[in-house]
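Please keep the sequence and the structure at hand while reading.

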Amino acid sequence: MKLKANLISGRTADQGAHLEAKTYRGYFDACAYCELNSADLDKLGVSEGNSLKVATDFGEVVVFAKANDGNPDGLAFIPMGPWANTVLDPDTHGCGMPGLKGVPSEIEATEEKPLDMKSLMKQYRED
Amino acid sequence: MPVIKDAVCSLCGSLCDDITVTVEDNKITKIENACILGHSKFVGMFEHDRIETPMIRKDGELVPVPYEEAIEAAAKILVNSRRTLSYGWCSTSCEAIGKAIQLAEETGSLIDSTANVCHGPSALAAQEKGSPGASLGVIKNRADVIVFWGCNPVHAHPRHMSRYSSFSKGLFSTKGRKGRKMVVIDVRKTDTAKLADKYVEIEQGSDLLLITALRSAVNGHEDVIPETVAGISKEEILELAETLKNAQFSCIFFGMGVTQSRSKYKNGDGVSSLISDLNQHSKAVTIGMRGHYNVTGFGQVATWETGFPMAIDFSRGFPYYNPGETGANDVLVREEADAAIISAADPGAHFPQKAVRHLAKIPVIQIDPYANPTTEIADVVIPAAVVGIEAEGTAYRMDAIPIRMKKLIDTEFKTDEQITKDLITKVRELKEGA
């Protein structure tokens, strides 16, 4: 089952508290997840802590599932950071700002685990 | 043991200047008044992954080198590049930003700030329609209606509401929170929305529709408003318009929900127009919730040095500005930049994959106190002092008020300003040699 969701990214206090500690496990925990509401998580058959694969036209990324019932149906949130940016829209539409909110995505359950920060960034060097 | 009062927190654009810091053996051991972000910055700096020494990437690995060698390698990259991108300069002092602009001019580089992925569209909006603002002090003293639109200060600016807005008590706002109406407009019920008197849930990407409907209502054209706009009923829109019109003093604080969503700078343009309309009835202002503590300062320094607030291209020998063309992400996504110097920012973490992929291909110089995702793709790494803790300097708060940051402890690390000066000297030497 794949869930079509509108993906946004943004700041959280935990992400912000790790701004200068991005090589630490705490940063990974603060950023490598995707929030959906409980009903959407149920549709995918996953619980918090299971892995999700989030795919867009620009790439795909594996992150942990997290419930946030403040999200309306079909709205996915990944904290700003290298995991979110794997799948966000680089097009600036001629005004300088990439599409960091409002990217159509497809989300499904996966057995894969999220990559840690260094492994994720290593992929860029090897590309 | 020395206790330093009224220290300035150099993390977010709130630039809180009431922090009490206790220093023992040149270490900060206690901090009072700071939020979770500030606490992590001040106390965490002794636990975090400090870049201890200059490094150069050799055979795929970053290896320690003497400072002079790193400066020479960085200067060579700058001199040999035909299209250098200089990016960041927002978690540092205005003094360092001034030097960074000088370096960009002397190397014919393109220089951009983190506004590129933050409030860049707000700068464009201000150029289109103006930016009717006020100092946070005025808002604290006078505002009876406070709107947070597409921003979540509980997480991003945790002390904003208690120091300057919703919860603060001021000269004419002696009742604090009880005397202020707080409205939150967002796409999801955030922790800030949970504190609001009125939460308006908007369909993601339709901010401009709601702004336009509100303007119609404020200007007496409610007949043209459809029954539902942006997922919100006409009744709710009219009620919100009345709240704003009847306010004695209102402020719309807006964030990335407005600048990063569809319509981008047109949203900010719309907010400025709405503020202008509201001023026919009441007193209203708007302020962007700036992220990096001195991203506002970059805009100030760049404007007085070059005439433009960001995305400045010196390749023609004079400052040229066209953000959709000269923005940091645009030059990377077009694979145009052939080298980059990055300081006090982390595009490795905060740029989309296509831009990072190109950064990974070109020589990258990084100046930063801490290792981060950009370090993983950097070729020359130069450690810097933490401005606001180990170095003094000036920063501009989100309302463009300059605040002098104190030096709290001693350090061996050089400041961003000194490193940039050393780079300018070395670049001149290499150019003269050539």
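## A covered strand in chain B

Strand β14 (residues 283-288) of chain B is mostly covered, with 5 of its 6 residues buried; here a residue is called buried if 20 or more other C-beta atoms lie within 10 Å of its own, exposed if 12 or fewer, and partly exposed in between, with C-beta atoms placed from the backbone. Strands are DSSP runs of E at least two residues long, and helices are runs of H or I of at least four, both numbered from the N terminus. This is a predicted model, in which local features need pLDDT of at least 70 and side-chain atom pairs count only at pLDDT 80 or more, while totals for chains, interfaces and linings use all residues. Residues are numbered from 1 along each chain as its sequence is written, and chains are lettered from A and ligands numbered from 1 in the order in which they are written.

Strand β13 (residues 249-254) of chain B pairs with β14(B) in the parallel sense over 6 bridges, where pairing requires that DSSP finds at least two bridges between the strands. Within this pair, B:F254 stands opposite B:G288 in β14(B).

## The surroundings of B:D399

B:D399 is found in the loop between β20 (393-396) and β21 (402-405) of chain B, and this residue is buried because 21 other C-beta atoms lie within 10 Å. Leaving aside residues up to four places away in sequence, B:D399 touches B:G133, B:S135, B:L136 and B:I287, a contact being two C-beta atoms, placed from the backbone, within 7 Å. The C-alpha atoms of B:D399 and B:T286 are separated by 9.6 Å, although the two residues are 113 residues apart along the chain.

## The open sheet and the overall fold of chain B

An open sheet of 9 strands in chain B has the order β5-β4-β19-β18-β17-β6-β7-β15-β16, with mixed pairing. Its edge strands, each pairing on one side only, are β5 (61-64) and β16 (320-321) of chain B. Inside this order, strand β6 (residues 84-88) of chain B runs parallel to strand β17 (residues 339-343) of chain B, and 5 bridges join them; B:T84 stands opposite B:A339 in β17(B).

Chain B as a whole comes to 17 helices and 21 strands. Its radius of gyration is 23 Å, close to the 22 Å that the globule rule gives for 434 residues, so chain B is as compact as a globular protein of that length; the radius is taken over C-alpha atoms, and the rule is 2.2 Å times the number of residues to the power 0.38. Of the 434 residues of chain B, 58% count as buried.

## Domains and the contact between chains

Chain B is divided into domain 1 (3-44), domain 2 (55-117 + 293-433) and domain 3 (120-288), with bounds that come from an automatic or database domain assignment. The C-alpha centres of domain 1 and domain 3 of chain B lie 31 Å apart, and 7 residues of domain 1 of chain B are in contact with 6 residues of domain 3 of chain B.

The contact between the chains takes 45 residues from chain A and 56 residues from chain B. On the side of chain A that touches chain B, the largest share, 6 residues, comes from α5(A).
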